[in-house]
Amino acid sequence: MNGDLWLILITILGIGLLLYLVMVSKMQAFVALLISSILIGLASGMNLNKIVETVEEGMGGTLGFIAVVVGLGAMFGEVLKVSGGAERLALTMVNKFGENKAQWALGITGFIVSIPVFLDVALVILIPIVYSLAQKAKKPILFYGIPLLAGLAVTHAFVPPTPGPITVAKMLGVDLGWVILFGIIAGIPAMILAGPIFGTFISKKVHLDMPDIAKLHGEVKDIKSEKDLPSFALVVSLILIPLILILINTVSGVVLPDGLAKDILTFIGHPFIALIITVLLTFWLLGTRRGYTKSDIQEIATKALEPAGIIILITGAGGVFKQTLIDSGVGKVMGEFMAQSNLPIVMVAFLIALFVRVAQGSATVAMVTGAGLVSPIIADMSVSQPVLGLITISIAAGSTAVSHVNDSGFWLVNRFFGMTEKQTLKTWTVMETIVGFVGFAVVMILSLFIK
C-alpha cells in the first residue's frame, strides 16, 4: 500500500479507536486520547523512544499555556459564583429590560456569565430566576429558559477564557484576541436566533409543567437577596477586564511600532497577566471587601481547581494527539491532500468537529480532536492569524451542534427543565444546532473577506 494512504488509513483507524474507547468502553477521554495517540505512532512506524518524547512534548507544550489560563479562569468564575455576581447580572438585566423583554435580558446575561463561569455551574446558579419569572409572568418555562441556555452555550464554546476555545487556539497557535473578536461576532447572531427567536417559537410547541424543585434540592438554590449581591457595574467590569486587555494586546501588535509602549501593552495583554490582574482584583473586590477572610478566599480558589483538573488533562492529551500526527508524518500528508482539494479549511474544520461531536457527545473531546486533526494540516500552509481565529470558531461551532443523548449537557437540561428525552431533543438539541450552524455561517461569510 502507498505510504501516504497508509498514514491516512491509520489516522482514520486511530479516530475510530478513540470513539470506541470513549463511547463503547466508557474509558476516560484523557486515557483514550493517549492510547489512540500511541497506537497511531506505533502503526506509522515511529521509533519507540520518539513516541515517548512526542507524548511528553505534546503534553508539556499544551499544558504550559492551558493549565495557567484554565486554572486562573476557573478561580475567577468560582469567586463570581460564590459572591452572587451571576445573579446580580441576571436580576439587573431583567429589571432594566422589563418582564416583556426578559428573555432578551436572560440571553444577554447567559452570554456574559458563561465567559468566566462553566456552563453547568452558570445554569445551576441562574435557573431559579427562570423558574421565578415563568411563575410570575405565567409564561412557559422554555420562553425564558431557551434564551438563557443559548447565551450560556454560545460564549461557553466561542469566547475565552472558557477551556474549549482556549485549547483550540493554543493547538492552532492563534492569538486569543482574534478568537475573542470573532467569537463575539459569530456568537451574537447565534444567541439571538437560538435564544429569544427560537425560544418564543418552541415554547408554543412544547408545553412543560414547572419542574419539581424539591427533587432538585441541593442543586438549585434560592435566589439571594439583592442587597447581598455585588453591584452590576463591578461584575461587568471584572468580566470585561481580561477580554479588553487581551484585545488591546492583539490590536497593538498590529498597529503599533516596536518600542516600550508596544512591549507594555503586549505584557499586560498576555492572557497570563490579564487573568492574574483580574483574579487579584476579584479576590479583593468580590472577596475581601465583601467580608470574606483570606482562608475563605483560599478555600474558594482551591475548590475551583477541582473541576478544572480533568479539563486540563484532557486538553493536554489532545496536545499529544496533535503532536503525534505531526511527528508521524500524517499531518504533512493530510496537508498536501487538503491543498489539492477545493474545500475551504474552515469548512473542513467544522465538519471534522461536528462528526466527532455527534459520534461521542463531549464538546471538549470534539474540540480537542478537531484541533488535533486540523493543526498538522495547516502547519505547512500559509495561514494568517485572523484566519486561524476563524478556524478556531469553526471548530467550536462544529463541537456545539447536535447535542443529543450522549452529551452530559443534554441530561443536565433534561433534569432541570423536567423534560422527556423527546422534548429535550426538540428544544436543547435544536437550540445547540442553531448555535453551531449560525456560528459557522458567520465564519464562512467572514472568511470570504479575511485572508
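Colleague: Which residues does Ser399 touch, not counting residues up to four places away in sequence?

Modeller: Ser399 touches Ala353, Arg357, Ala363, Ala366 and Met367. Contact means heavy atoms within 4.5 Å. One caution: this is a predicted model, where local features need pLDDT of at least 70, side-chain atom pairs count only at pLDDT 80 or more, and totals for chains, interfaces and linings use all residues. Residues are numbered from 1 along each chain as its sequence is written, and side-chain values use heavy atoms, with hydrogens and water left out.

Colleague: Is Ser399 buried or exposed?

Modeller: Ser399 is buried, at a relative accessible area of 0%. Buried means under 20% relative accessible area, exposed over 50%, and partly exposed in between (1.4 Å probe, protein chains only).

Colleague: And which helix is Ser399 in?

Modeller: Helix α17, residues 385-400. Helices (H or I, at least four residues) and strands (E, at least two) are DSSP runs, numbered from the N terminus.

Colleague: How many helices and strands are there in the chain?

Modeller: The chain has 19 helices and 0 strands.

Colleague: What does Ile395 touch?

Modeller: Leaving out residues up to four places away in sequence, Ile395 touches Val168, Leu172, Ala349, Ala353, Met367, Gly370, Ala371 and Val374. Ala353 and Met367 are also on the list for Ser399.

Colleague: Now the core. Which residues of the largest nonpolar core touch the most other members?

Modeller: Leu123, Phe158, Val374, Ile391, Ile395, Phe417 and Met431, out of 153 residues in that core. Helix α7 (residues 141-158) gives the largest share of this core, 13 residues. A nonpolar core is a set of buried Ala, Val, Leu, Ile, Met, Phe, Trp, Tyr and Cys residues joined through side-chain atoms within 4.5 Å.

Colleague: How much of the chain counts as buried?

Modeller: 56% of its 451 residues.

Colleague: Why does the radius of gyration agree with a compact globule?

Modeller: Because a compact globule of 451 residues would have a value near 22 Å, and the chain has 22 Å. The radius is taken over C-alpha atoms, and the globule rule is 2.2 Å times the number of residues to the power 0.38. Along its principal axes, the C-alpha trace spans about 70 × 55 × 45 Å.

Colleague: Last one, Met444. Where does it lie?

Modeller: Met444 lies in helix α19, residues 421-447. Met444 touches Pro344, Val346 and Met347, not counting residues up to four places away in sequence. From Met444 to Lys322 is 122 residues in sequence and 25 Å in space, C-alpha to C-alpha.
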